[in-house]
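Open your viewer and get the selection tool ready. We will walk from stop to stop, with a note at each on what to pick and what is there.

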Amino acid sequence: MPDHPSPDTARPAPLVAATGIVLDTRGQVLVLTGADGADPQLPGGAVEETETPEQALARELRGQLALGAPVGRLLAVDSRPPGPLGRSLIVHVHLVGPLPPQEAAAVSRTGGAAAAAHWLGPEEACAVLPGRVAPRLRAALAALHTGSFAHLADGVPQPGSPAGLDPARRAALEHAGGLDAASHRASRPKALTAASVLFTAADGRILLVQPAYGRTDRWNLPGGGIDSDLGEIPRAAARREVREELGLDLAPGRLLAVNWSHKPGRPARIRFLYDGGVLDGPALARIRLNPTELLQWRTVPREELRTLVKGALRRQITACLAARARGTGPLELHEGRP
């Protein structure tokens, strides 16, 4: 071994840490409080030796909380300049959960520095966490809700960060020409697109399907997401989804409506609704469900929609039935309302 380290080995390497945004099914965040009066923290710790951030976080979750939940997707990375130790810090922020109620209730401290674990609402958690940690949580939750990723430097979302960038700051950067083309695309709000088909039986009853995943208590129209990344157009997506879900290869009829829906902090959702026409008895008998997609199908009269379908979709179906009957449209809908 040489007496003097080489320049490469003499350089201080950044400290790397992994943090978990542990959620329950109500959207509450797990915050740890220290026995010695230390600041509240999110679960996690330093990455050691040859560990990956995911492995380090899994180890810390076991040690701090006796929690064996898998480490989920990467939500954010925060880079901090050198502190008192003279080393910069890189923090990987991962999603953990949502934990089911029984597992969330069982979370307890078995070791480490945490004295107690508390489930807090997102705003309450941001209010009690230290100033260097709260921005990571806020940006990570923004990335979670938008299905995106946050790029932070010292807790501040950077220009072009796909999530966490304040809309007012994004607009100011755009107007000042402060974003290159790639950063502009990354930071612009995104929308999710889907295509659905309205089929009725000969007696006017509406064809609904029960999904095999997600909210299985909510019935839907046949249809699904548009593979826009593959160049798929809405009409082609509607035909593909009906073929995959029901085993029927039917060209959709005319476009009845386009629906726009939006919740704050989430991507907008755009649904194209097509007329599938009337399915007679033989056509209904040819339905073959894909069990990975659907549990069952049924035809229902309009008055039963209220008990099976969420309000926004029920309004879309009602509007589409009216457009079909009158030969009008396509309609422009917001949450099912013209």
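**Before you start**

This is a predicted model, in which local features need pLDDT of at least 70 and side-chain atom pairs count only at pLDDT 80 or more, while totals for chains, interfaces and linings use all residues. Residues are numbered from 1 along each chain as its sequence is written, and side-chain values use heavy atoms, with hydrogens and water left out.

**Stop 1: the largest pocket**

Please select Arg 215, Asn 220, Arg 269, Arg 271 and Lys 310: of the 34 residues that line the largest pocket, these lie nearest its centre. A pocket here is an open set of points on a 1 Å grid over the protein atoms alone, where a 1.4 Å probe fits, with protein on both sides within 12 Å along at least five of seven lines; lining residues have an atom within 4 Å of a point. The space in this largest pocket comes to about 1400 Å³, a volume being the space filled by probe spheres set on the points, with grid points joined across faces, edges and corners.

Now colour the elements that give two or more residues to this lining: strand 9 (191-201), strand 10 (206-211), strand 11 (223-225), helix 8 (234-246), strand 12 (255-261), strand 13 (268-279) and helix 11 (311-326). Helices (H or I, at least four residues) and strands (E, at least two) are DSSP runs, numbered from the N terminus. Which element gives the largest share of the lining of the largest pocket? That is strand 9, with four residues.

By residue class, the lining of the largest pocket holds eleven nonpolar, twelve polar and eleven charged residues. Ala, Val, Leu, Ile, Met, Phe, Trp, Tyr, Cys and Pro count as nonpolar, Asp, Glu, Lys and Arg as charged, and the others, Gly among them, as polar.

**Stop 2: Trp 219 and Gly 223**

Next, pick Trp 219, in the loop between strand 10 and strand 11. Trp 219 is buried, with a relative accessible area of 6% (buried means under 20%, exposed over 50% and partly exposed in between, with a 1.4 Å probe and protein chains only). Show Arg 298 as well: Arg 298 lies over the face of Trp 219, at 5.3 Å from the ring centre. For this, CZ of Arg or NZ of Lys must be within 6 Å of the ring centre and within 35 degrees of the ring normal. Trp 219 and Lys 310 are 91 residues apart along the chain, with their C-alpha atoms separated by 8.1 Å.

Move on to Gly 223 in strand 11. Is Gly 223 buried or exposed? Gly 223 counts as buried because its relative accessibility is 14%.

**Stop 3: the second largest pocket**

Select Ala 142, Thr 146, Gly 164, Leu 165 and Gly 265, which lie nearest the centre of the second largest pocket among its 35 lining residues. About 820 Å³ of space lies here. Helix 4 (122-128), helix 5 (134-146), helix 6 (167-175) and helix 7 (181-187) are the elements that give two or more residues to this lining. Helix 5 supplies the largest share, seven residues. The lining of the second largest pocket divides into 18 nonpolar, ten polar and seven charged residues.

**Stop 4: the largest nonpolar core**

Now show the side chains of Ile 21, Val 29, Val 31, Leu 42, Leu 129 and Leu 137, which touch the most other members of this 25-residue core. Helix 5 gives the most to this core, with six residues. A nonpolar core is a set of buried Ala, Val, Leu, Ile, Met, Phe, Trp, Tyr and Cys residues joined through side-chain atoms within 4.5 Å.

Leu 74 lies in strand 4 and counts as partly exposed, at 29% relative accessibility.

**Stop 5: backbone details**

Two cis peptide bonds come next. The bond from Gly 97 to Pro 98 is cis, with omega near 10 degrees, and Pro 98 is in strand 5. The bond from Gly 329 to Pro 330 is also cis, with omega near 5 degrees; Pro 330 sits in the loop between helix 11 and strand 15 (331-334).

Finish with Glu 335, in the segment after strand 15. Glu 335 has a positive phi of about 55 degrees although it is not a glycine.
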